[in-house]
Amino acid sequence: MKAVLVLNAGSSSLKFALFPLEPGLAANPALSGQIEGIGATPELSAKEANGTRHHEPVVTHGEQGEQHRDALTHLFRWLAAHNPDLEIVAAGHRVVHGGDRYSAPVKLSEGLLRELDAFVPLAPLHQPHNLRAVRAVSALMPDVPQVACFDTAFHRTQPAVAQAFALPRAISAEGIKRYGFHGLSYDYVARKLPEVIGDKAHGSVVIAHLGNGASMCALRDGKSMASTMGFTAVEGLMMGTRTGSLDPGVMLYLMEQKGMSAKALTNLLYKESGLLGVSGISQDMRTLLASNAPEATEAVELFCYRIARELGSLAAAAGGLDALVFTGGIGEHAAVVREKVAALSGWLGITIDSSANEAGASRIDAADSRVAVAVVPTNEEGMIARYTVELLDL
Ligand SMILES: Nc1ncnc2c1ncn2[C@@H]1O[C@H](COP(=O)(O)OP(=O)(O)O)[C@@H](O)[C@H]1O
Ligand SMILES: CC(=O)OP(=O)(O)O
Ligand SMILES: [Mg+2]
């Protein structure tokens, strides 16, 4: 089987999928899964298209870089053992940051990798791991062409005003601007949307990608007009462990009055805040929804309130609101979150049908809702496979 391997490498996980190279490229992979717990007790879990599931431990050694390399080596051996006729013809990667220069996927080379290394400080939770996976594939399969698919690329259609900070020109000229992320997800959902909401997909739309990382995007005619994430993936919504937008004065105060270092602040903003920090219980929405603790309820309320606030702002950027779309692990599965956001957004013309919402339907707006409300499962891996095949002309 000739196949495209898709990799989405995170700090402690490596998500993978194999898309058979067939005419029209299958929307669903022959196999998908992840190695989780890299750095602790790594485990591979995978699911075949026919529903067969696999689980096994993974042994890794050494420092972080070597552990990721070991995890990939394990994955390649495992893939070959389970698919004796497998021929990986290309690898497509999620690379979170492509800066200002890349508004489309590109073929990877040594030179490009060095260029992308420069964005590591801008996306510390993602970029180093994304690039490490590319280098590991180069080392293990030097002849396989690789493609970088950027989370930032989809947002390069935004008007300049949506990408600007009110900073002195010299600083802005250095590339300190709003980039936006989760673009692979927005692109996939935007292409799927006409099937779900018809012509409204070409109007003013807001998509809420609510996963571990969470952001929202305003679109007009399927193109990004604005996003809640900015220079880094910490701006905007409250997330699993990230603060989202925070008065910069809080950071100055913590540095000047509390002597907090840049490293400690980075940890605070990226790893100790959000649902985890506010609840003091968990970063996982499922755990919080199942908890009776008032702190868990408060964290969920704040999460939904922030989404509703940003929805008003993005409707302004989109010049109105014809549709609201939920995606990502929370957006797709947490009916309570959708219900709460809708309840706060009645003023925009949003009313949802509670039973459709609880049943997990793809259209959840009530008959008298002016705004269409939809739930569209995202498929970042499928988008990467499609980009890779198109770019390499496979
Ligand atoms: N059935 C569910 N109900 C509520 N939340 C869910 C459900 N399934 C997944 N989630 C939440 O989705 C989030 C993870 O989203 P996902 O998009 O998978 O994350 P990632 O950004 O790591 O890809 C977690 O907070 C998880 O609790
Ligand atoms: C950009 C970003 O936040 O990604 P993730 O949701 O995978 O953390
Ligand atoms: Mg995600």
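Tutor: Let's start with the side chains of β8. Q146, A148 and F150 point to one side of the strand, V147 and C149 point to the other, and all of them are buried. Here a residue is called buried if 20 or more other C-beta atoms, placed from the backbone, lie within 10 Å of its own. Strand β8 runs over residues 146-150, and with 5 of its 5 residues buried it is mostly covered. Strands are DSSP runs of E with at least two residues and helices are runs of H or I with at least four, both numbered from the N terminus.

A word on what you are looking at: this is a predicted model, in which local features need pLDDT of at least 70 and side-chain atom pairs count only at pLDDT 80 or more, while totals for chains, interfaces and linings use all residues. Residues are numbered from 1 along each chain as its sequence is written, chains are lettered from A and ligands numbered from 1 in the order in which they are written.

Now for the neighbours of β8. Strands of a sheet pair through backbone hydrogen bonds, in either a parallel or an antiparallel way. Two strands are said to pair here if DSSP finds at least two bridges between them. Strand β6 (residues 87-95) pairs with β8 in the parallel sense, over 5 bridges, and G92 is the residue that stands opposite V147. Strand β7 (residues 106-107) pairs with β8 in the antiparallel sense, over 2 bridges. Across that pairing, V106 stands opposite A148, and K107 has V147 as its bridge partner.

Stepping back, β8 belongs to an open sheet of 8 strands with mixed pairing, in the order β5-β4-β3-β2-β1-β6-β8-β7. β5 (53-57) and β7 stand at the edges with a single partner strand each, so one side of each is left without a neighbour in the sheet.

β3 (residues 31-36) and β4 (residues 43-48) pair in the antiparallel sense over 6 bridges, with E48 in β4 as the bridge partner of L31. Their hairpin has 6 residues between the strands, and G37 takes a positive phi near 75 degrees in it. β4 and β5 are also antiparallel, over 5 bridges, and K47 stands opposite R53 in β5. This second hairpin has 4 residues between its strands, and G51 takes a positive phi near 100 degrees.

Leaving out residues up to four places away in sequence, A90 touches V4, V144, P145, V147, T388, L392 and L394; touching, or contact, means C-beta atoms within 7 Å. L392 is 302 residues from A90 along the chain, yet their C-alpha atoms are separated by 8.4 Å.

Next, follow the chain out of β8. D151 lies in the loop between β8 and α4 (160-163). It is buried because 29 other C-beta atoms lie within 10 Å. Not counting residues up to four places away in sequence, D151 touches R94, V96, F181, H182, G183 and L184. An unreviewed UniProt entry lists D151 under "active site"; such annotations may be inferred rather than shown by experiment.

D151 also belongs to the surroundings of ligand 2, together with V96, H126, F181, H182, G211, N212, G213 and A233. A residue joins such a shell if its C-beta atom lies within 6 Å of the ligand. This shell has 3 nonpolar, 5 polar and 1 charged residues, with Gly counted as polar. Ligand 1 has 13 residues around it, of which G211, N212, M285, G329 and H333 come nearest. Two elements give two or more residues to that shell, α10 (285-290) and α12 (328-333), and α12 gives the most, with 4.

Finally, the whole chain: the secondary structure comes to 15 helices and 13 strands, and 45% of the 394 residues are buried. Among contacts with a separation of 6 or more, 63% join residues 24 or more positions apart. The C-alpha atoms fill a box of roughly 55 × 55 × 45 Å along the principal axes.

Note on methods: Buried ≥ 20, exposed ≤ 12 C-beta atoms within 10 Å, placed from the backbone. Contact = placed C-beta atoms within 7 Å.
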